[in-house]
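Here is a short briefing on a predicted model. The points below cover a helix pair and several strands.

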Amino acid sequence: MTQELIDEVVRQRIRSLRIARGWTLDTLAARCFLSASTLSRIETGHRRIALDQLVPIAQALGTTLDQLVEPEGDDDVVIRPEPETSPGSTMWLLSRERDRRGVTIAKMRITPDRATNKPQVHPGYEWFTVLSGTVRLQLGERTILVREGQAAEFSTMTPHAIEAHEGPVELLTIFDHDGERAHLPGHHHSR
């Protein structure tokens, strides 16, 4: 990608982030200590973007310099998950290896045939939403039924187990790295 194309992408990102926040040029200018006319010339391409201007602009827009200037990727954006099965469950990883957000996203299908797991404890948080069926969430001393369309989020320092309740269940789940290590053996992403 040429420098001109990178500059154009950065200009579009600055303008789009500003507009998404409902900010005028004056509002952003006040937040990053530049003049509104300087910002206008940056956004329209009538002024070169200097590094010492990008840092306060990125901070004011709530992003990082890296995110503001990262090149548009030519990577394939489609993830083609392969099912991994074990008795009573199937899992599809929906995030890429080395996910920069530090999480693993997976779709799971659990049937009542799955062996009952003892509740586990590990550092971190876990989140899931039920796509179909009902999940029986063992959380400490409580048993909670989480139905289709509902979600659950909890500290994984509380003993927990997830099971299908009265039929198969499909859920979408997000694990942090600690949850990934505990629940997805063999899927250790690089940090």
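The axes of helix α1 (residues 3-20) and helix α3 (residues 36-44) come within 8 Å of each other and cross at roughly 125°. The two helices are therefore oblique to each other.

**Helix contact**
- From α1, the contact uses R11, I14, R15 and R18. From α3, it uses R41, I42 and E43.
- By class, the contact of α1 with α3 has five charged residues, two nonpolar ones and no polar ones.

- Strand β2 (residues 89-93) is mostly covered, with five of its five residues buried.
- S89, M91 and L93 point one way from β2, T90 and W92 point the other way, and all are buried.
- In a regular strand, side chains alternate between the two faces of the sheet.
- Strand β1 (residues 84-86) pairs with β2 in the antiparallel sense, over three bridges. S86 has S89 of β2 as its bridge partner.
- The hairpin of β1 and β2 has two residues between the strands. In this hairpin, G88 takes a positive phi near 85°.
- β2 also runs antiparallel to strand β3 (residues 103-110), joined by five bridges. The bridge partner of L93 in β3 is A106.

**Strands β4 and β7**
- Strand β4 (residues 125-132) and β7 pair in the antiparallel sense, over five bridges. T129 has A151 of β7 as its bridge partner.
- Which residues form the covered face of β7 (residues 151-155)? They are A152 and F154. The uncovered face holds A151, E153 and S155.

Methods: Residues are numbered from 1 along each chain as its sequence is written. This is a predicted model: local features need pLDDT of at least 70, side-chain atom pairs count only at pLDDT 80 or more; totals for chains, interfaces and linings use all residues. Side-chain values use heavy atoms; hydrogens and water are left out. Buried means under 20% relative accessible area, exposed over 50%, partly exposed in between (1.4 Å probe, protein chains only). Helices (H or I, at least four residues) and strands (E, at least two) are DSSP runs, numbered from the N terminus. Two strands pair if DSSP finds at least two bridges between them. Axes are lines fitted to C-alpha atoms, for helices over the stretch in contact, and angles run from 0 to 180 degrees between N-to-C directions. Angles under 35 degrees count as roughly parallel, over 145 as roughly antiparallel, 65 to 115 as roughly perpendicular and the rest as oblique. Contact means heavy atoms within 4.5 Å. Ala, Val, Leu, Ile, Met, Phe, Trp, Tyr, Cys and Pro count as nonpolar, Asp, Glu, Lys and Arg as charged, and the others, Gly among them, as polar.
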